[in-house]
Amino acid sequence: AENLLCRLQDNFQALTEKLTLRNILFGTWVIFNFLLEEMGERINDLEKRVADLMTEAGAENSDEELK
């Protein structure tokens with residue numbers, strides 16, 4: 001009976017460690033995906049600003065050419 005109790009405790013400990021690791025990995029995955037999404041949004045904003053600046057510069061160049 002004592003041997004069985006020891007095996008049950010070992011199995012419980014192993015399961016607890018596995019679940020803890022799984023929770024840590026899942027939390028890391030969630031954070032990583034959030035950061036990727038944030039970076040994607042920032043890159044999109046940056047691309048839009050660059051395009052706006054290029055359009056603005058093109059408009060200024062067009063005005064100078066008309067003079």
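Which residue forms a salt bridge with K48? In the predicted model examined here, the partner of K48 is D52, and the closest N and O atoms of the pair lie 3.0 Å apart. A search of the whole structure returns one salt bridge.

The setting of this pair is helical. The protein contains one helix and zero strands, and helix α1 covers residues 2-66. Both D52 and K48 belong to helix α1, where a spacing of four residues, about one turn of the helix, separates them. The two partners fall into separate accessibility classes under the cut-offs applied, in which exposed means over 50% relative accessible area and buried means under 20%. K48 has a relative accessibility of 52% and therefore counts as exposed. D52 has a relative accessible area of 39%, so this residue is classed as partly exposed.

Accessibility was also considered for the protein as a whole. Of the 67 residues in the protein, buried residues make up 0%.

F26, W29 and V30 make up the patch, which has an area of about 330 Å². One of these residues, V30, is located in helix α1, the helix that also holds D52 and K48.

In summary, the predicted model presents a protein with one helix and zero strands, a salt bridge between D52 and K48, and a nonpolar surface patch made by F26, W29 and V30.

Methods: Residues are numbered from 1 along each chain as its sequence is written. This is a predicted model: local features need pLDDT of at least 70, side-chain atom pairs count only at pLDDT 80 or more; totals for chains, interfaces and linings use all residues. Side-chain values use heavy atoms; hydrogens and water are left out. Helices (H or I, at least four residues) and strands (E, at least two) are DSSP runs, numbered from the N terminus. Buried means under 20% relative accessible area, exposed over 50%, partly exposed in between (1.4 Å probe, protein chains only). Patches are made of residues with over 30% relative accessible area and no salt bridge: like charges are joined within 9 Å, nonpolar side chains (Val, Leu, Ile, Met, Phe, Trp, Tyr) within 5 Å. Accessible areas come from the Shrake-Rupley method with a 1.4 Å probe; for residues, only the protein chains shown count as cover. A salt bridge is a side-chain nitrogen of Lys or Arg within 4 Å of a carboxyl oxygen of Asp or Glu.
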